[in-house]
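Visitor: Please take me through one part of this chain up close. Then follow it on to whatever else is worth a look.

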Amino acid sequence: MLPLKHLVGRSAVKACLLLAVMLMATGCASLRIVDSKPLPQAKLEPIGADRISRGGYRLDGLAVSEDAPDLMVLVAFSGGGKRSASFGYGALKGMRDLMVSTRRGPRSLLSQVDAMSGVSGGSFPAAYYGLYREKTFGQFETDFLYDDTNSYIYGTYLLPWNWTWLVEPGVGTNDFMDRVYDRTMFHGATFHDLEARGRPLIAIGATDISYGTPLLLTQETFDLICSDLSALPISRAVAASNGFPGLFSPITLTSHAAACGGRKPGWLRRVSPEEHNNPLSRVGVEAFRAERYLDPNRTRYLHLADGGISDNLAMRSTGGMMQAISAVDLRARGYLGVRRLLLVSVDGQGTQDSSVAQRKDVGGLLSILGLVSGAQIDSYNFETLNAVVQQMALLTDKLRAARCADGAIVDGAHCDDVRSKLVHISLAGIPDSSEKEALLAIPTGLSIDRGDVNRLVQAGYDAVTTSPELRKFLDDYPVVAQHAGAGHASTENRWAVR
């Protein structure tokens with residue numbers, strides 16, 4: 001406040017603050033800030049059980065598709081503002097129109113998706129589809145993509161009745177965006193509503209700025225802070241995922257870990273001392289991160305900001321879980337029937353502005369922040385893709401071994417017939433053209449031109465429906481008849497566009 005006093009005088013500052021207080025007293029009653037809720041005692045598993053709580057919003061708690069129960073499809077939507085949201089929405093449309101053969105007949109690839117993760121701009125299509133399903137198509141454009149979301153951001157800073165965040169310690173700028181997203185898109189829906197919809201599981205990613213680590217909002221994560229995800233509004237998770245530091249305050253959640261009486265998830269107890277003590281062990285790192293949340297003396301609050309800071313592809317946490325899962329976990333969670341694992345990375349990230357290398361002036365603060373964050377994202381993305389490919393290969397080996405421990409034939413297929421694939425569908429990967437250059441140059445923001453939205457949607461659609469990698473994976477998936485005998489697997493062409 002000191003620079004403002006020098007510019008406009010002490011009396012003017014007092015008058016502005018008085019006006020703000022008066023307006024807040026009458027205009028901010030509708031701002032409802034929702035914190036995490038502790039897990040009810042009735043949901044807690046006994047100490048020593050494989051899980052901290054029962055039920056809740058987790059993948060293996062949601063019914064598996066009867067069309068292709070041996071196929072697991074995961075989709076991850078990257079950050080990148082409305083550019084990525086538009087590209088991701090186009091990819092959803094492409095997956096809706098991409099038909100695959102199943103043992104119960106042709107089905108859309110989208111209908112076979114088991115889980116979607118999304119960070120920052122990618123959290124919008126993921127969360128919206130998770131809630132509205134088929135109604136998404138034709139509705140998401142008007143509710144979000146064509147809307148001038150930047151105007152709400154300006155309003156948070158410039159409209160006096162939104163100045164609660166200036167004087168109220170428990171209120172931040174992102175609490176107002178939470179309200180905007182709820183009013184325009186989610187209308188009071190919570191993760192309980194997502195759970196009622198069934199698969200795909202929607203995992204919204206954020207960054208815990210206390211530790212600089214990625215975090216997916218699922219009940220598995222909330223178990224670590226002994227909290228009930230079902231009561232959390234979807235809008236609050238999306239606001240956290242989009243909370244760019246400096247522009248928005250973090251979304252803060254309270255840890256209730258002390259109420260869980262020292263309970264730990266079974267996977268954590270199975271991590272060996274060697275892995276615990278090895279700083280280069282990915283499993284050990286995952287265990288260390290989990291233990292920080294389980295300890296109420298170390299973590300009392302989670303301060304969540306933009307998921308793109310730590311994982312702009314929305315895959316690092318998923319990869320970590322793949323690395324940490326054991327044969328015991330695979331069996332307990334009912335995954336032994338899976339023969340094909342497909343992870344589709346939908347990446348709408350643009351390109352780094354390298355033109356600054358040709359000029360002395362790099363621009364103002366916002367330009368510098370964009371350059372620094374863009375460089376960080378590019379380096380993280382390369383490492384993430386490589387790490388997740390390795391983690392998927394490791395999981396495939398574990399799954400193959402666990403299946404074969406049960407017998408040579410599992411559900412009518414050879415036990416070792418297990419394959420996985422990561423397909424990276426990226427805006428940067430579309431064929432070179434002037435159109436591609438124009439799309440990549442669209443800035444990262446929450447308001448873009450309607451024409452650009454439509455072009456990005458079409459680019460996402462085309463990238464999915466023409467992907468040779470996706471086609472090859474689906475063609476290589478033999479459909480096993482529902483009551484097939486040993487070794488009787490029939491191969492069908494699974495590639496078609498509706």
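Guide: Helix H3 covers residues 81-97. At 1.5 Å a residue, its 17 residues should span 24 Å. The end C-alpha atoms are 25 Å apart in this predicted model, which agrees. H3 is mostly covered, with 16 of its 17 residues buried.

Next come two strands. S3 (residues 98-102) and S4 (residues 105-108) run antiparallel and are joined by four bridges. A hairpin of two residues connects S3 to S4.

Now the disulfides. The whole structure holds two. Cys226 bonds to Cys260, with the sulfur atoms 2.0 Å apart. This link is right-handed, at 85° about the S-S bond. Cys226 sits in the loop between helix H10 and S8, and Cys260 in the loop between strand S9 and helix H12, so the pair ties together parts 34 residues apart in sequence. Both Cys226 and Cys260 are buried.

Cys404 bonds to Cys415, S to S 2.1 Å. That link is right-handed too, with 90° about the S-S bond. Cys404 belongs to helix H17, while Cys415 lies in the loop between strands S13 and S14. Cys404 is partly exposed, at 33% relative accessible area. Cys415 has 8% and counts as buried, because the cut-off is under 20%. Counting bonded cysteines along the chain, the pattern is 1-2, 3-4.

Finally, Ser227 lies in strand S8 (residues 227-228). Ser227 is buried, with a relative accessible area of 0%. A polar atom of its side chain is 2.9 Å from the backbone oxygen of Ile225.

Notes: Residues are numbered from 1 along each chain as its sequence is written. This is a predicted model: local features need pLDDT of at least 70, side-chain atom pairs count only at pLDDT 80 or more; totals for chains, interfaces and linings use all residues. Side-chain values use heavy atoms; hydrogens and water are left out. Buried means under 20% relative accessible area, exposed over 50%, partly exposed in between (1.4 Å probe, protein chains only). A polar contact is a pair of N or O atoms within 3.5 Å; within protein, one must be able to donate a hydrogen and the other to accept it, and residues adjacent in sequence count only if both atoms are side-chain atoms. The expected span of a helix is 1.5 Å times one less than its number of residues. Two strands pair if DSSP finds at least two bridges between them. A disulfide is a pair of cysteine sulfur atoms within 2.5 Å.
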